[in-house]
Amino acid sequence: MSFKPANNIQDLQYFGEFGGVNPSISDSSTYTFLSAKTMFDTFEGNADGCYLYSRHTSPSNLYLGEALAAMEGTETANVSASGMGAITPVLLQLCQSGDHIVSSRTIYGGTYAFLKNFTPRLNIATSFVDITKLDVVEAAITKNTKVLYCESVSNPLLEVADIAGLSKLAKQYNLKLVVDNTFSPLSISPAKLGADIVVHSLTKFINGSSDTVGGVVCGTQEFIDALRNVNDGASMLLGSTMDSLRSASVLKNMRTLHIRMKQHSKNAHYLAEKFENDGLKTVYPGLASHPSHELFKSMMNDNYGFGGMLTIDVGSLEKANELMELMQERNLGYLAVSLGFYKTLFSAPGTSTSSEIPEEEQAEMGLSDGLIRFSIGLDEDIERTYNMMKECMVELNILQPELV
Ligand code: PLP
């Protein structure tokens, strides 16, 4: 694949109004017009380059949106106050009462809860399927289906979606394919593989400093205009707008995303190989044992690796909790939800980020009690980290000491 997402970001240059190397931050919620006619035209969406009110958009939000659109290879993008603030308006924009969504069953718990518990109130139904089986996905499509929804690499089970295959189905049945690419920025470019709309939680790798929540929708100009329409746009009317000061800071962090992703991937790959070698049940898309390893390879852009997320299964929730507490005590990372931080983060998804999913359904999808999800940090000396993690596991009888 010749798509170069990091080059596309770097090729965008914006200067501040006084020649600053960063664009000036727009510090206004509202904007003046020299003529009343231009204000009217802006309301109607017919005055390009004019700003109306910052819930609609702001110069800082546009700068960040354009950088994210360049990364994903879409016409444009709209940033939002959180990842959920990107996902929920997209689905509400695409679906009306009576419509149906086919979604992967292994998705972020908040998205799952929205589809399972909230959208039925609006008479929008969802079928949750094993997204890795295209025949199962196709069988779930009904005459009311409008959207296929998945994550490129799923939270927390790290299942990989065949985006090109899903896109073919979407085209065949006239559906929109919406892909959450939060776990694999730069590595995978869903729009290049046929996704219609790509969403991210910017809270994670893209911002990378665990200091804010944020989200983005990347898509066609037509769709983003529809989301922002003052009369019936879900983003405009639901109001999950990112603050300009925040978008300026996320844009600056994005400048180092390519370097960070390489290091996250390198470290996660190293640990995954070691853990697997030690006999731990390890899931990482970079391992040959991952059921979708070849698929990931066929979709990935050069240089960014298989991502910073891996899981291990230590057998029971009790063991998982003991291990996480000990690793935190030894300063190997934090027992915290979320991902994409400089420091390793770990959590047991069954009782945290996926707790919205009922226990029987967790079992059905393979989400076991002893599963620990790791977001691997930017550690300079990952061998040292591994040795210290291994010591913790030996102390807790998860691993046997080396026989020498
Ligand atoms: N999508 C994925 C894959 C996530 O992991 C998360 C959060 O954990 C979200 C979306 C929601 O993003 P936010 O917390 O920024 O609303």
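First, the ground rules. This is a predicted model, where local features need pLDDT of at least 70, side-chain atom pairs count only at pLDDT 80 or more, and totals for chains, interfaces and linings use all residues. Residues are numbered from 1 along each chain as its sequence is written, and side-chain values use heavy atoms, with hydrogens and water left out.

Let's start with the layout. The protein chain splits into domain 1, residues 5–254, and domain 2, residues 258–403. Those bounds come from an automatic or database domain assignment. Taken over C-alpha atoms, the two domain centres sit 28 Å apart.

Now the interface. How many residues of domain 1 are in contact with domain 2? The count is 38 residues of domain 1, facing 39 residues of domain 2. Contact here means heavy atoms within 4.5 Å.

Next, area. Domain 1 and domain 2 bury about 3,200 Å² between them. Carbon and sulfur atoms carry 64% of that. Buried area is the accessible area, with a 1.4 Å probe, that two parts lose on being put together, summed over both. Look for L158, S187 and F205. Together they supply 21% of the area that domain 1 buries against domain 2, more than any other three residues.

What about polar links? Between the domains there are 12 residue pairs in polar contact, both residues at pLDDT 80 or more. A polar contact is a pair of N or O atoms within 3.5 Å; within protein, one must be able to donate a hydrogen and the other to accept it, and residues adjacent in sequence count only if both atoms are side-chain atoms.

Helices (H or I, at least four residues) and strands (E, at least two) are DSSP runs, numbered from the N terminus. Helix 5 gives the most to that side, with 5 residues. By class, that side of domain 1 has 21 nonpolar, 13 polar and 4 charged residues. Ala, Val, Leu, Ile, Met, Phe, Trp, Tyr, Cys and Pro count as nonpolar; Asp, Glu, Lys and Arg as charged; the others, Gly among them, as polar.

On to salt bridges. Side chains of opposite charge can pair when their charged atoms come close. Our cut-off is a side-chain nitrogen of Lys or Arg within 4 Å of a carboxyl oxygen of Asp or Glu. The whole structure has 11 of them. Between domain 1 and domain 2, the count is 2.

Take E364 and R105: their closest N and O atoms are 3.9 Å apart. For E361 and K116, that distance is 3.2 Å. This pair links distant parts of the chain, with E361 in helix 14 (residues 359–364), K116 in helix 5, and 245 residues separating them.

Buried means under 20% relative accessible area, exposed over 50%, partly exposed in between (1.4 Å probe, protein chains only).

Last, two more pairs. K133 and D130 meet at 3.0 Å, N to O. K133 is partly exposed at 42%, whereas D130 is buried at 12%. E322 and K319 pair at 3.8 Å. They are 3 residues apart in helix 13 (residues 317–329), so about one helical turn separates them.
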